[in-house]
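Q: Please go through this model with me, and set each label that you use against its definition.

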Amino acid sequence: MKLFLSEGATALGQIIEIKGKVKFKITLDPGVWIFDDRRIDLDTYFAGKNRNESDIPYEEKLSHYWDREIREGSVSPPTLKTEKKYEKEKLLTGTFGIIFEPFLNNAEPLPEATKLVIETKTDKVTIPLNEAKDLIFKFSENGSPLKANGPVHILFKDGSNLDNPITDVLALIIE
């Protein structure tokens with residue numbers, strides 16, 4: 001049995017390859033990022049709340065926990081069920097992205113590498129490698145994977161291309 005897939009697609013979903021002047025070639029599958037703890041909620045990220053959970057110092061997290069304990073009392077299991085239901089609902093309706101830096105670091109660009117070339121269906125976009133670590137890969141909108149012009153839309157950290165992201169990404173080439 002043969003499967004006929006569009007360019008850049010696999011039987012498991014669309015993947016993107018990081019290749020070129022890297023120590024390790026890496027394939028990215030945006031379909032699994034919804035389960036990744038590094039995902040960021042883009043609805044709040046570009047609204048000025050760009051601190052994700054891992055950026056908050058331990059003392060501040062502990063302080064919020066104790067403040068809540070004082071205000072609401074101890075957390076009972078029904079509240080925990082409600083919170084889990086809320087988190088599940090947020091995953092099913094939210095818009096999410098992930099920062100490119102950990103993937104770039106895992107590929108280990110060679111010392112002579114200076115730029116990232118984003119190959120799309122129609123064009124090639126070049127970005128200096130030192131700025132590429134701040135790219136955000138939007139992989140979900142309103143709870144659904146990006147199928148049209150996907151599998152990811154590439155956004156700049158400052159949100160300057162929020163209305164006009166880099167779409168139809170096929171490969172990421174380190175040069």
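Q: How many salt bridges does a search of the whole structure find?
A: The model is a predicted one, in which local features need pLDDT of at least 70 and side-chain atom pairs count only at pLDDT 80 or more, while totals for chains, interfaces and linings use all residues. Residues are numbered from 1 along each chain as its sequence is written, and side-chain values use heavy atoms, with hydrogens and water left out. On that basis, the search of the whole structure finds five salt bridges.

Q: Why is the meeting of the E108 and K23 side chains called a salt bridge?
A: The term requires a side-chain nitrogen of Lys or Arg within 4 Å of a carboxyl oxygen of Asp or Glu; the N to O distance between K23 and E108 is 3.8 Å, so the pair qualifies. This pair links distant parts of the chain, 85 residues apart, with E108 in the loop between helix 4 and strand 7 and K23 in the loop between strand 3 and strand 4. Helices (H or I, at least four residues) and strands (E, at least two) are DSSP runs, numbered from the N terminus.

Q: What makes K23 exposed, and what makes E108 partly exposed?
A: Buried means under 20% relative accessible area, exposed over 50%, and partly exposed in between, with a 1.4 Å probe and protein chains only. K23 stands at 54% and therefore counts as exposed, whereas E108 stands at 34% and therefore counts as partly exposed.

Q: Which salt bridge does K138 form, and is K138 buried or exposed?
A: K138 pairs with E141, the closest N and O atoms being 3.4 Å apart. K138 has a relative accessibility of 14% and so counts as buried, while E141, at 36%, is partly exposed.

Q: How do you know that T120 is buried, and what is T120 in contact with?
A: T120, which is found in strand 7, has a relative accessible area of 8%, and because the limit for buried is under 20%, T120 is buried. Contact means heavy atoms within 4.5 Å; leaving aside neighbours within four places in sequence, T120 is in contact with I166, T167, D168, V169 and L170.

Q: What is noted about the phi of D168, and is D168 buried or exposed?
A: Phi of D168 is near 55°, a positive value in a residue other than glycine. D168 lies in the loop between strand 11 and strand 12, and at 18% relative accessibility D168 counts as buried. N149, in the loop between strand 10 and strand 11, has a positive phi near 60° and is partly exposed at 40%.

Q: What kind of peptide bond runs from G150 to P151?
A: That bond is cis, with omega near 15°, and P151 is placed in the loop between strand 10 (144-145) and strand 11 (153-155). Most residues other than glycine have a negative phi, and most peptide bonds are trans.

Q: What makes a set of residues a nonpolar core, and which residues have the most contacts inside the largest one?
A: A nonpolar core is a set of buried Ala, Val, Leu, Ile, Met, Phe, Trp, Tyr and Cys residues joined through side-chain atoms within 4.5 Å. The largest has 28 residues, and those with the most contacts inside it are I18, F100, F137 and L172. Among the elements that each supply at least two residues of this core are strand 3 (16-20), helix 4 (101-107) and strand 12 (169-174). A second, separate core of five residues includes I40, L42, Y45 and I136.
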